[in-house]
Amino acid sequence: MQRKIISILTECQPGISPPDTAGDMPSTVHDRLARPMRDLRISVTDRCNLRCVYCMPKQVFGKDFRFIPHGEMLSFEEITRLAGIFTEMGVEKIRLTGGEPLMRRHVEKLVERLAGLKTPDGRDIDLTLTTNGSLLAKKAQSLYDAGLKRITVSLDALDDRVFRRMNDVDFPVADVLKGIEAAQAAGFSPIKVNMVVKRGMNDGEILPIARYFRHTGIIPRFIEYMDVGTSNGWELGEIIPSDSLLAMIDAHMPLYPLPPNYPGETASRWRYRDGGGEIGVIASVTKAFCGDCTRIRMSTVGRLYTCLFATDGFDLKPLIRDGWSDAQIARVLALHWQNRDSRYSELRSANTDMPGKKVEMSYIGG
């Protein structure tokens, strides 16, 4: 894809002088399936202090694994500049991910920079962050003070034995719960809690998590175990289909459906009939939602991916470090998005034996 885009922009080749440009920054762009670019997900580090079996299994990401050196990562200034270009092109929501984003030193400074971004019509950017919660008790207040107002915490079990088995580093669930409490006390709203459900490992925790967060204002979201990357040994039989999951919860705590908050929302929304709050279900395996996907992802080193299940990315770092202007970079971003036809989950639903080595989730976030 990198060569394809560059060949279209014959004068735009990293390592030589950028092209002359005239005119305004490209505005809203659409891909080949008429999907606009609205949601940017930025991985700020590939490091994580957990080794969750569905994301960074210890047998792959062990003591000898080589993580990205700090000097190869995009700086906060570079991330902010690129994010600003994206917002000028129609992006309205930015999510910080990892790895574990709170392991990036002084990440609050990046939050403060990004929180100041505006859409072309003057609205604040919808800025949020996904964390495993391990460092949240220490960081919640400083993140909120820096301008972050929404947060998502990964929590795959309440039973401490199950939780330790899933994170595979013997990390206690109590520390994550303390982080969630700290986020509530700081003022975050809404707080969402993501549970990846893997059959035979933590499916017994579905009802406990639903009950625990009921009547709290916190929104648990249950995620079908996905074939992200190539390291987690994913098998179709290990998922709990969303319909089965919903039926399980509904049998004990009756639910009714809610409309999406916005086009392209990943989770289907459900509310308890007794007014006890809501839950979400992300069914990207059994009910693919590629058709209205508006998400684009940028890795820690500045590679651009148009799909969570991508096998290749587009390198932005040479552009931003070789003196290209915002408008020149925007031209490349626009072409990259306009050539997008990604819809892996829809295709996977018909063919579970898809070829190609997919980028790991720890590299581009969820």
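**Pocket and rings**

Me: By class, what's in the lining of the second largest pocket?
Reply: Seven charged residues, three nonpolar and two polar. Charged is Asp, Glu, Lys and Arg; nonpolar is Ala, Val, Leu, Ile, Met, Phe, Trp, Tyr, Cys and Pro; the others, Gly among them, are polar. This is a predicted model, where local features need pLDDT of at least 70 and side-chain atom pairs 80 or more, while totals for chains, interfaces and linings use all residues.

Me: Which residues line the second largest pocket?
Reply: P36, R38, D39, E92, K93, R123, D126, Y262, P263, G264, D292 and T294. A pocket is an open set of points on a 1 Å grid where a 1.4 Å probe fits, with protein on both sides within 12 Å along at least five of seven lines; lining residues have an atom within 4 Å of a point. Residues are numbered from 1 along each chain as its sequence is written, and side-chain values use heavy atoms, without hydrogens or water.

Me: New topic. How many aromatic pairs does a search of the whole structure find?
Reply: Four (ring centres within 6.5 Å; planes under 30 degrees apart are stacked, over 60 edge-to-face, the rest tilted). Among them, Y144 and F188 are edge-to-face, because their planes sit at 75°, with the centres 5.3 Å apart. That pair links distant parts of the chain, as Y144 and F188 are 44 residues apart.

Me: Which residues form an aromatic cluster?
Reply: F61, F65 and F67 form one.

Me: Back to Y144: what charged end sits over the ring?
Reply: That of K149, 4.4 Å from the ring centre of Y144. The rule is NZ of Lys or CZ of Arg within 6 Å of the ring centre and within 35 degrees of the ring normal.

Me: Where does the charged end of R214 sit?
Reply: Over the ring of Y272, 5.0 Å from its centre.

Notes
Phe/Tyr/Trp six-rings, centres within 6.5 Å; stacked < 30°, edge-to-face > 60°. Helix = DSSP H or I, 4+ residues; strand = E, 2+ residues; numbered from the N terminus.
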